[in-house]
Amino acid sequence: MQTSNLPSKAVPKMDWGILFLLFFVAWGLRVIGLDWGYLHGDERVNQAAKVLAGELIPDQHFYPPLMHYMAAVLYGVLYVVGRGLDMWSGTQEFRAQYFNDPTIFYLTARAMTGAISALMAPLFYRIGRLLGFTKGESFVIALFAVFAPLSVFLSYIFKGDVGVAAASIWIVLLMIRKVQSPSLKRIDIFLGIAVVLGLSFKHSFVLLMVPFALAYIGAMSAQIGFKTTMASILRIFVTAVILWPPLNIGIILDFDNFLKFQEIQSVMSIAENVSFVDSVGKMLRAAMDLEFGIGLLMPYAFLLFPIFALGMEKPGMLLGVWGATILSTLGLAYLVGLRQPEQLWIAHFMVIQLFGAISIACLFRVSRALGALSAAAALGFCVVGDIMIWKQAIVRPVNVDVASYIETVHPDRKVMTSLDLPIQQNRAAQDFEWARVTRTAEKYDLTMPEIAAERRIPEGLAGAFFVVPMPEVMFGLEGSTDADLEGSVAPFAWPPQPDDWNLANWRADGVDLFVISDLEGWLGKDNAPIMQAFFQQVETECESVQVFSARKPLFLERDVSVLDCRLDS
């Protein structure tokens with residue numbers, strides 16, 4: 001078997017037709033059901049819209065601002081296209097569209113996220129060609145990026161996670177090219193660009209970047225010497241240092257607040273007191289999950305890669321990246337414990353998917369029958385996971401049924417809901433909600449972000465209802481206290497407030513109909529004692545009048561319970 005790294009003079013030409021085909025097919029699969037019925041809490045579309053008004057500093061610094069800037073550019077394009085199609089006559093109508101119905105802004109941002117994810121398909125193909133595989137074999141390798149379930153799923157959420165994965169795959173490609181053409185200094189420049197993009201999509205990229213850098217130094221030092229390798233590292237570093245400020249200008253302009261949010265993030269990310277084995281076990285189950293992973297077979301194919309690497313010319317870089325991926329994955333599992341949201345692993349899983357695909361392509365050269373069977377089975381698992389994602393993306397969300405129920409059966413009640421409902425809120429409910437948030441902000445001496453005038457609901461609006469959202473507690477802060485966040489509290493990034501989680505207080509204000517998503521889950525949430533006690537009280541003292549079954553559990557939809565807590569009920 002010969003799947004060697006090719007010498008620089010034999011680097012295959014760019015197959016642009018195939019590369020574009022792979023990209024557009026992958027992108028097309030990632031926009032199926034793009035309007036899946038809810039707005040994810042991490043989708044900061046409002047911040048991207050503010051960039052158009054010149055506000056470069058984000059309201060929150062949990063994620064770098066690059067995705068906001070990129071979406072803002074697309075919104076500018078959207079405005080021009082809309083003007084040409086007479087969708088709006090000017091900037092005022094364009095702004096009004098955002099406040100009246102922001103759907104097109106969410107879809108634009110999600111489509112951009114899907115496009116970033118789709119870039120991994122041509123990158124997979126190009127890596128296959130660089131490693132000496134035929135066009136057909138490289139196309140099959142690329143299909144593992146096209147159909148990677150977690151990559152498909154995260155394309156539905158406007159966040160930088162898939163950007164980190166795409167940057168990681170690009171870095172692997174460039175590291176292979178550097179081995180093949182060590183004298184090409186422009187590869188160092190491209191590596192610097194890829195590194196800064198990864199860091200500008202998500203800060204945690206550093207946990208994968210450092211092991212990759214060690215692999216790069218080791219492999220290149222063995223080939224061209226340590227001194228020359230460090231000169232390459234310097235070029236990479238200088239490129240990243242030059243590019244990072246403009247891509248993260250919002251951080252630079254608000255650095256003190258950036259540091260405060262990192263302190264909050266450290267509280268949110270504290271690992272539970274669990275064994276390392278349990279944490280790794282959860283990661284492995286996630287990797288083999290049909291929807292949130294890469295399928296049942298690919299982790300095994302990844303582990304087999306060193307066997308096939310023995311038949312490659314100069315395999316040191318690839319083996320270094322393979323080992324660095326394992327090191328980074330285990331290290332991250334150790335840091336986070338069991339707190340492993342699905343987006344945590346996207347970069348690692350896509351690198352694992354790449355090496356698994358290469359292993360299967362190598363197996364095909366050893367035994368065509370076994371290789372073809374393995375590829376078909378592994379891709380089959382991926383496609384099954386994708387179908388599950390697409391089915392749930394396009395089905396009608398349960399909140400539509402809940403909203404209809406509230407409007408027809410309980411139109412005069414004051415409702416608190418943990419589920420985002422497509423119901424027009426009335427002015428009284430808005431005033432009630434803002435007063436509660438203002439009290440909390442004053443407690444911590446915080447200045448809340450300015451609220452646009454268009455957000456103000458007019459008095460006496462027809463077809464409006466008294467519906468207020470459940471108090472917001474960010475994921476990871478459910479069990480936190482004032483002592484945990486002392487000096488680091490930020491707007492909406494505060495601990496659960498005892499007054500907000502007291503049933504008597506809600507009843508005293510006349511709010512006594514509760515719409516609760518995943519009541520069973522909240523009842524068992526031992527790490528959020530204040531909130532858990534509230535839901536236990538609601539479950540004990542109130543009458544369950546309706547339950548709606550979830551249709552989109554992959555998209556955080558859960559069974560919805562409607563509970564009547566009137567004292568005379």
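**Close-up views of the predicted model**

**Figure 1. Met416 stands opposite Phe514 in S3, in a sheet whose strands, like the helices named below, are DSSP runs numbered from the N terminus (helices H or I with at least four residues, strands E with at least two).** The model shown here is predicted, so that local features require a pLDDT of at least 70 and side-chain atom pairs count only at pLDDT 80 or more, whereas totals for chains, interfaces and linings use all residues. Residues are numbered from 1 along each chain as its sequence is written, and side-chain values use heavy atoms, with hydrogens and water left out. Strand S1 (residues 414-417) runs parallel to strand S3 (residues 511-517), and 4 bridges connect the two, where two strands count as paired if DSSP finds at least two bridges between them. Thr417 faces Val515 in S3, and Thr417 also stands opposite Pro469 in S2. The pairing of S1 with S2 is likewise described as parallel, with 3 bridges. Strands of a sheet pair through backbone hydrogen bonds, in either the parallel or the antiparallel sense.

**Figure 2. The open sheet holds 5 strands in the order S2-S1-S3-S5-S4, with mixed pairing.** At its edges are strand S2 (467-469) and strand S4 (543-548), each of which pairs on one side only. From one strand to the next the twist averages 20°, axes being lines fitted to C-alpha atoms (for helices over the stretch in contact) and angles running from 0 to 180 degrees between N-to-C directions. Helix H21 (residues 398-409) lies across S1, S3, S4 and strand S5 (560-564), and the direction of H21 makes an angle of about 140° with S4. Helix H25 (residues 529-541) also lies across S1, S3, S4 and S5, in this case running at about 110° to S3.

**Figure 3. Helix H18 (residues 316-336) crosses helix H19 (residues 346-366) at roughly 145°, their axes coming within 10 Å.** The crossing of H18 past H19 is left-handed, a term that applies if the near helix is turned anticlockwise from the far one by less than a right angle, with right-handed used if it is turned clockwise. On the H18 side, Leu318, Val321, Trp322, Thr325, Ser328, Thr329 and Leu332 meet His348, Val351, Ile352 and Phe355 of H19. The residues of this contact comprise 7 nonpolar, 4 polar and no charged, where Ala, Val, Leu, Ile, Met, Phe, Trp, Tyr, Cys and Pro count as nonpolar, Asp, Glu, Lys and Arg as charged, and the others, Gly among them, as polar. Ile326 also lies in H18 and is partly exposed, because its relative accessibility is 26% and that class lies between buried (under 20% relative accessible area) and exposed (over 50%), as computed with a 1.4 Å probe on protein chains only. The C-alpha atoms of Ile326 and Ser155 are 25 Å apart in space, while the two residues are 171 apart in sequence.

**Figure 4. Cys542 and Cys565 form a disulfide, and the structure holds 1 such link.** Their sulfur atoms lie 1.9 Å apart, against a criterion of cysteine sulfur atoms within 2.5 Å. The link of Cys542 and Cys565 is right-handed, with 110° about the S-S bond. Distant parts of the chain are joined in this way, since Cys542 belongs to the loop between H25 and S4 and Cys565 to the segment after S5, 23 residues apart. Cys542 counts as buried because its relative accessible area is 10%, and Cys565 is buried as well, at 0% relative accessibility. Cys362 takes part in no disulfide, the nearest cysteine sulfur being that of Cys382 at 18 Å; Cys362 is buried at 0% relative accessibility. Cys382 is also in no disulfide, with the sulfur of Cys362 as its nearest at 18 Å, and Cys382 too is buried, with a relative accessible area of 0%.

**Figure 5. Asp445 has a positive phi, near 55°, in a residue other than glycine.** Asp445 is placed in the loop between helix H22 (427-443) and S2, and at 71% relative accessibility Asp445 counts as exposed. Leu556, in which phi is near 65°, is likewise a residue other than glycine with a positive value. The loop between S4 and S5 contains Leu556, which is partly exposed with a relative accessible area of 49%.

Notes: Contact = heavy atoms within 4.5 Å.
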